[in-house]
Amino acid sequence: MFVFGGRKSNIELALPYYRQILDENPNVEIHLWDLCRNPADSKYLRTITGIDRLTVRTEFYDGGGKATRGQNRVWTHYAGREYRDALFVKADDDVVFYDTNRFGQFVASITDDAITSALVINNGACSQHVPDLRNIHEHLGLELLDVHLSAEFAEHCHRWFLRNWESLINQPGDVVPTGDWLSINCIGYTWDTGVQIAKLIGVRTPHTIAGRVFQPRGKVGDEGAVNMLPRRINTGFTAAHLTFGPQRFDPDTLDELRAAYSELGA
């Protein structure tokens with residue numbers, strides 16, 4: 001499992017879940033990559049020591065520059081042949097809830113024929129598989145491809161989940177193909193698939209990927225690369241993703257949500 005780190009306020013919420021995943025899954029190791037833009041976050045990340053099978057990786061830290069460059073190097077790193085027998089779970093640092101009881105089931109569902117996503121709260125494609133969230137983008141006057149721009153969408157998803165998380169994680173799940181643009185907040189894939197992703201990153205962008213239109217002469221990023229490959233959602237493994245960059249929360253609301261997720265994590 002590898003995480004693009006990392007903002008202290010997010011990692012502090014996620015760390016109890018990392019510990020639980022490691023405690024319950026002895027075949028898992030976690031790499032927490034220091035790609036921090038803020039030097040204070042980097043300093044915090046490097047204090048996380050003494051957790052068996054969790055390693056803070058610093059090889060691609062560039063002193064707070066453009067995180068995308070470091071992320072692309074991580075994708076290429078895991079395409080190395082020394083990892084050919086591994087399965088991978090990639091997560092954002094602001095995934096602040098994991099249904100740890102079903103993490104092993106999620107890993108077992110990863111196969112070569114598709115990239116597998118958790119059922120992620122605050123994720124457009126995943127919202128289509130939660131009946132109470134399925135049409136919320138329409139009620140808010142949003143296109144499904146644009147929900148990452150809307151703090152209102154994110155807040156609605158989080159408040160619903162914080163009220164209903166127990167019923168959601170106790171529902172039986174399935175692995176369902178999706179043709180929607182899938183934000184890659186928490187995904188699983190095999191080494192062979194990772195090689196394909198790494199090869200696609202940086203190539204010329206096609207006109208459309210999964211319904212999203214791109215400008216000529218652009219380059220494919222990691223999320224675009226994933227969406228050029230078959231994708232599916234494991235509706236039996238739930239994760240909650242706090243915020244996309246353009247989702248500009250009122251600071252008090254964000255503090256309130258963080259406090260609620262902290263309580264839930266505890």
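Is C186 buried or exposed?

Mentor: C186 is buried, at a relative accessible area of 1%; buried here means under 20% relative accessible area, exposed means over 50%, and partly exposed is in between, with a 1.4 Å probe and protein chains only. Before we go on, some ground rules: this is a predicted model, where local features need pLDDT of at least 70, side-chain atom pairs count only at pLDDT 80 or more, and totals for chains, interfaces and linings use all residues. Residues are numbered from 1 along each chain as its sequence is written, and side-chain values use heavy atoms, with hydrogens and water left out.

Back to the cysteines. Searching the whole structure turns up zero disulfides, a disulfide being a pair of cysteine sulfur atoms within 2.5 Å. C186 is in none, as the nearest cysteine sulfur, that of C126, sits 9.2 Å away. For C157, the closest cysteine sulfur is also in C126, and at 10 Å that is too far for a bond. C157 is buried too, with a relative accessible area of 1%.

Helices are DSSP runs of H or I with at least four residues, strands are runs of E with at least two, and both are numbered from the N terminus. On the α7 side, E155, H158, R159, F161, L162 and W165 meet T253, E256, L257, A260, Y261 and L264 of α10; contact means heavy atoms within 4.5 Å.

Another buried spot is D93, at 4% relative accessible area, in the loop between β4 (87-92) and β5 (95-98). Leaving aside neighbours within four places in sequence, D93 has contacts including F4, R7, I11 and Y18.

At 31% relative accessibility, V203 is partly exposed. Not counting residues up to four places away in sequence, V203 touches G218, K219 and V220.
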